[in-house]
Amino acid sequence: MKGKVALITGSTSGIGLGIARAFAKAGFNLVIHGLESNGAEIARTIAIEHQVETFYSSANLLNPSEIEGMVTVALAKFGTIDVLINNAGIQYVSAIENFPLSKWNDIISINLTAAFCTSKSVWEGMKQNKWGRIINISSAHGLVGSEFKSAYVASKHGLIGLTKVLALEGADFGITANAICPGFVQTPLVDKQVADLSKQQNVSETEIIQKHILKKHAVKEFVSIDAIAALCLFLASENASMITGTSMPVDGGWTAS
Ligand code: NAD
C-alpha cells in the first residue's frame, strides 16, 4: 500500500487519528482532516514520524462547498485519492420531544450527507483508476437503536444504506465500499456522554461506564481504536477486493443479542 493516498475525515481526534497513524505506518500519504486546533501540527508530526506526506484540511463538513474544496486541493497535491474513510461524526443525546431540529440537521449533515459529498467528489478519480476503497465508520447504532439517540441512529443506519449503493455502483470499477460498526470506543465523543450522564445522575463516571455504557456489550470492555484501524487497513488491502457492501460490527457482541 506504500505511496497510496488516504483521506480520513475527522482524523485529528479519537478513532480517526488512530486510523491515520496506522495508515501512515503502512506507508500511506494522508489527508488529515478535522476541526481540532492542533490539526496542522498533528499532520506534521505524523509525516515526520512515518516518513510520509500529509496534507491538513479543516473543512467544515456542514458546508458541502468546503468538502469539495478539500478534495480539489488534495487531488492537486497528491494526484489521486485511493482510500476514503468517512469517519467524522457527532452525537447528541435527548428524548425525542426535546430534540432540537438544529441538532438533528447537524447530525444528519455531518454523519451522513458529508459522506455522500466526499464519496461523490472522489468517485470520478477512483473510477478512472479502476481502483478505490470507501470505508464508512458507521456504528452498532447503524444496526440497532437506543433510546434518546434519534438523529445519530438514523444517520448511522443511513450510512449503511449509502455504503450498499456505493458498493453496487462501484462494482464494475474496482471500487469497494464497506461500513464498520463499532461498539463503544473510549474517545472524546464517548467521554462527553459519560461526563454528561454522570452529572445528570449524580453518580461516578466509573459507574456510568459499567452500568450504562458497557452494559450493551456482551464483552464488558471498550473496543480499542487499534482494532478499528486494523480492520480499515485490511479493507483497504488487495485481499479485501471481494468484500463490498458489508457492514461489520466490532462491538463486543452487542448486536448479537
Ligand atoms: P471524536 O469526537 O473523537 O472525533 C470526531 C472527529 O470529527 C473530530 O476530528 C472532529 O473535529 C470531526 N468533526 C466533527 N464535526 C465536524 C465538522 N462539522 N466538520 C469537520 N470535522 C468535524 O469521535 P470518535 O469517537 O473518534 O468518532 C469517530 C467516528 O466513529 C464517528 O463517526 C462516530 O460516530 C463513530 N463511532 C464512535 C464510537 C465511539 O464509541 N467512540 C462508536 C461507534 C461509532
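**Note on the ligand site and the sheet**

1. Tyrosine 152 puts a polar side-chain atom 2.6 Å from an oxygen atom of the ligand. That is a polar contact (a pair of N or O atoms within 3.5 Å). Taken alone, the ligand exposes 830 Å², and the protein buries 94% of that. Accessible areas come from the Shrake-Rupley method with a 1.4 Å probe.

2. This is a predicted model: local features need pLDDT of at least 70, side-chain atom pairs count only at pLDDT 80 or more, and totals for chains, interfaces and linings use all residues. Residues are numbered from 1 along each chain as its sequence is written, and side-chain values use heavy atoms, leaving out hydrogens and water.

3. Asparagine 60 also reaches the ligand: one of its polar side-chain atoms lies 3.0 Å from a ligand nitrogen atom. Leucine 35 uses its backbone instead, with a polar atom 2.9 Å from a ligand oxygen atom.

4. Which residues come nearest to the ligand? Of the 30 around it, they are Ser13, Asn87, Tyr152, Val185 and Thr187. A residue counts as near if one of its heavy atoms lies within 4 Å.

5. Now the sheet. It is open, has seven strands, and runs β3-β2-β1-β4-β5-β6-β7 with parallel pairing. Strands are DSSP runs (E, at least two residues), and two of them pair if DSSP finds at least two bridges between them. β3 (54–57) and β7 (247–250) stand at the edges with a single partner strand each, so one side of each has no neighbour in the sheet.

6. Four bridges join β6 (residues 175–182) to β7. In one of these strands, β7, serine 247 is the bridge partner of alanine 179.

Technical notes
A polar contact is a pair of N or O atoms within 3.5 Å; within protein, one must be able to donate a hydrogen and the other to accept it, and residues adjacent in sequence count only if both atoms are side-chain atoms.
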